[in-house]
Amino acid sequence: MIRLENILDLVEAYKPDFDEELIRRAYVFSAMAHKGQTRRSGEPYLIHPLNVALLLAEMKLDETSICAGLLHDVLEDTLTTKEKLVELFGDDVAEVVDGLTKIARFAYVSKEQQQAETFRKMILAMASDLRVVLVKLADRLHNMQTLEHLPEERRRSIAKETLEIYAPIANRLGMGRIKGELEDLALQHMHPKEYAELRAAVQEKLELSGDVVERIRAVLFDTMKENEIAGDVVGRVKSMHSIRQKLIRQGIDIGQIYDYLAFRIIVPSVRDCYTALGLVHQLWRPVPGRFKDYIAMPKPNFYQSLHTTVVAEKGQPFEVQIRTRDMDLVAEQGIAAHWKYKEGRVGPSVDDENFLWLRHLVEWQQEIKDPRVFLHSLKIDLYPDEVYTFTPRGDVYAFPRGATPLDFAYRIHTDLGNHCVGARINGKLVPLRTQLNNGDIVEVFTSPGQTPSQEWLSIVGTSRARHKIRHWLNTEQKSRSIELGRRLFEKEAKKYRLSLKKLTRDGALATLASEHGHSRSDELFADVGFGKISAKTLVQRLIPDDQREKREPSTPGLFQQAVRKLLPLGAGPVIRVRGFDDLLTYLARCCSPLPGEEIVGYITRGKGVAVHSANCPNVKNLLFSPDREIEVEWGEGNEAHFQVDLEVIVTDQTGVLSKVISSIANLKTNIRNMEANVAEGKGTIDLSVEVADRRHLDRLVKSISGIDGVTRVERRYKVRDASA
């Protein structure tokens, strides 16, 4: 069990003059505040803040960070106030703890909105004091280390969030050790069977190869010593997550793992790094295209090192990383080891290029209101910049993998992006969806008549470009909808001899807009244009009852009857549109949402409300206009069956297909379509099955995943146009 004295001893080792009394007071306060509280494991809750503080001490952080680690849950889980923390521990500790505290959950706030607002708060806090995110990473790491005590669904949810948000944050801050551990722990809980098989396969290869790690390490060490280079050599097995990503990227199975070893050479100087690289290439044959010089061109997260992959005598490929001691410290601890932090500057400097990504996060997160768009953009922006490109004048710009000339144009200037018609890369004309590569010289062409289209959302790879395109499309769509809504309203008003000018002048229209939650009548017209509300409903609210009775109502439901002929909904699922009783709904074919899973409504002209799964890959492109999103929910009485597409990856072995079919049949599930293919020892089974709801699908996936020989089961979505 961790004791406070262990933490104090660690802090004293790297900071002898630390404020011991402050840390002791924080420990006592935390112990009193959490008294009587227990974790899911049954242990006293105090165990958690103690472990968080220990992790922070291992990072060699200051007293404020250690205190915040001990107190990080008191605002959220106890009756303690921020004012009390300021009084007892000062502004710095109180601000860090407050920055770590989640946004309170209210009945009218969705889980996604709460998550988005919590991340917004953390981003703003870390922009002024990076200790906020360092404490948060330590908190998340210990929670992941003890995740086995939570229910399976909750474990998977936390692991997914860790992999998508917290591991990339650790990576952007250069904290390699924490990033690697978070990724492996997330993989262990998201894909437990795959993780176990991967570990077993790697262990088996290590046992078959004997003392290969020690032999290669000894050769490297002796070679460095013979050439009078003083340094250390460390051998290790790569992380399970990185090995899995490579398997997926190259489309191979576990049996084809070869490049699973990595060696690190730590030398005194940069000159020694390049000398050691030459010696390694003399010892073993380098793999073409696998050399990277991050010393000359450092990563944006401060990382510097030489990387090369070589092949040993028996055909065993392995990676060698070469760097100085200072570079190794930064590679492991990242920002925690950064010199500006050690000097006491806890926030990023305005002129520090290393924190450009953080400043961009702060800028655009304040503009994006939709929580789904915000979270998607956050995930994109957290991935490391790896592609370096140049303007014809020689200016350097870094982009994530997958970025295109359109991203390049928007990075230079918004107007350049909005009017971009083409690009030239290295002197050659290329399509806008061409992916950028390291060293590309990019030249962009524009035309005054060119404007963004919805297709551009599937071309760009950066959150900045996607946000700018959405903004333009949203403004344009709203402008068109206002004009259409105004025309529909005027046409309906003429039937009752009402003048739009008079309604505007006497304030009746403004009052009606206010009743619908709008400050301007244009927003009311936009609702009509988008189809959220009918012009007839609005006009009838404005005419006296006696005039309304003089006119026979037009035949109702003609539009709805016509749509129902095109889109038969007979015995389909019951979906309620919140706040509306007369809007038609239909399930989007691209994702076939299931009862029990989160859904999103999107208004389409002439077809009603398209209902998508919140996980549908099309949602991020569809909802570029928040005005066309509408809240929908599953109603009672959903007894239909729904078709879902699954992809099952298996090893090529006898009987695995029949086992998959039997597993499906045992759950009384109908197979609508099936196709199986085998190539290079790996099989792919594409299935279309009928399920009743999300729980039925989860049981099915779990059952198939448990079959010997099945390596992965994934639900497939169709990426299609927004009108789908």
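This is a predicted model: local features need pLDDT of at least 70, side-chain atom pairs count only at pLDDT 80 or more; totals for chains, interfaces and linings use all residues.
Local features need pLDDT of at least 70 and side-chain atom pairs count only at pLDDT 80 or more, while totals for chains, interfaces and linings use all residues. Residues are numbered from 1 along each chain as its sequence is written, and side-chain values use heavy atoms, with hydrogens and water left out.

Begin by selecting strand 6, residues 317-324, where strands are DSSP runs of E with at least two residues, numbered from the N terminus. Here 8 of the 8 residues are buried, so the strand is largely enclosed by the rest of the structure; buried means under 20% relative accessible area, exposed over 50% and partly exposed in between, with a 1.4 Å probe and protein chains only. Pro317, Glu319, Gln321 and Arg323 lie on one side, and Phe318, Val320, Ile322 and Thr324 on the other.

Then select strand 5, residues 306-311, which runs antiparallel to strand 6 and is joined to it by 6 bridges. Thr308 in turn stands opposite Val320. Strand 5 and strand 6 form a hairpin with 5 residues between them, and Gly315 in the turn has a positive phi of about 85°.

Finally, go to strand 19, residues 670-679, and pick out Met674, which is partly exposed with a relative accessible area of 34%.

Key: Helices (H or I, at least four residues) and strands (E, at least two) are DSSP runs, numbered from the N terminus. Two strands pair if DSSP finds at least two bridges between them.
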